[in-house]
Amino acid sequence: DDASSSSSSPLSFLVTCMVYIFDAPLKGISQIFVVESAFSGLVLLVGMALYSPLLAGHALLGSMIGCMVGIFGNNDNTNADAIAKGLWGYNSALTSLGVGVFFVPNLASVLVSVFGAIATAVVFAACGNVFGLLGASPSLTLPFCLAMTGVYLLHDKVPSLQLANVPHSPEQNTSSSSASANSASGASAPTTTTTTTTTTSLLAAEKEGDEEDVQDVVVKKDEEEEDLLEIKEGEGEI
């Protein structure tokens, strides 16, 4: 009996680790749609990957981080059931998805996704304690709403963190950001060309104006000479 119990203990620990590492995060993704199913979470993850691999990565990363925060905070084993059901994963997954949608992908956005998922899990734990004391309903997606609002407000405070021009998938956010940069650089070139053309036109106009003034002076001089000749002829006749 002792031998069997000692052999089953490492096995049960391995099974528990497998559940926490693979099963719980997938359930966390399915819990976004109020479904407790690792298979459903996997199907959703594959669907997201077909549309945007980076967005699927954000979702899985966020769910795994949320579950890990629940594990590290599970000192008295009170969170074990909630972690196994994926309840610690879905809010963090939503926050990471939000970062993937609203920000241009770079190192800063990845770090914000990671720390945003951690913060979301902490808020989830706090909401669970507060709502439990009040005897209220579960917090649902309130932790995600609070954490994502804070993350969104960081866009002008974290270096290199850039909001997408048109929020979409990370791949589209990258291309739209590059297109905006190219259009901005392209717009400056025509402006320079237009300014140069305008300056040339003004110089030409001034030159043409000078030539016209010279012609006016010549005409006036000829008229004055003709007048003098007429006066002399008149005096000779007298």
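**View 1. The surface of the whole protein chain.** The protein chain has an accessible surface of about 14,800 Å², and carbon and sulfur atoms hold 67% of that area (Shrake-Rupley method, 1.4 Å probe; for residues, only the protein chains shown count as cover). Please note that this is a predicted model, where local features need pLDDT of at least 70, side-chain atom pairs count only at pLDDT 80 or more, and totals for chains, interfaces and linings use all residues. Residues are numbered from 1 along each chain as its sequence is written, and side-chain values use heavy atoms, leaving out hydrogens and water.

View 2. Of the 238 residues in the protein chain, 28% are buried (under 20% relative accessible area, 1.4 Å probe, protein chains only). Among contacts (heavy atoms within 4.5 Å) between residues at least 6 apart in sequence, 66% join residues at least 24 apart.

**View 3. Lysine 27 and its surroundings.** Look for lysine 27 in helix α1, which covers residues 2-30. Lysine 27 is buried, as its relative accessible area is 15%. Beyond its neighbours within four places in sequence, lysine 27 is in contact with Val35, Glu36, Ser37, Ala38, Ala84, Lys85 and Gly86.

**View 4. Glutamate 226 in its helix.** Glutamate 226 can be found in helix α8, made of residues 170-237.

Conventions. Helices (H or I, at least four residues) and strands (E, at least two) are DSSP runs, numbered from the N terminus. Buried means under 20% relative accessible area, exposed over 50%, partly exposed in between (1.4 Å probe, protein chains only).
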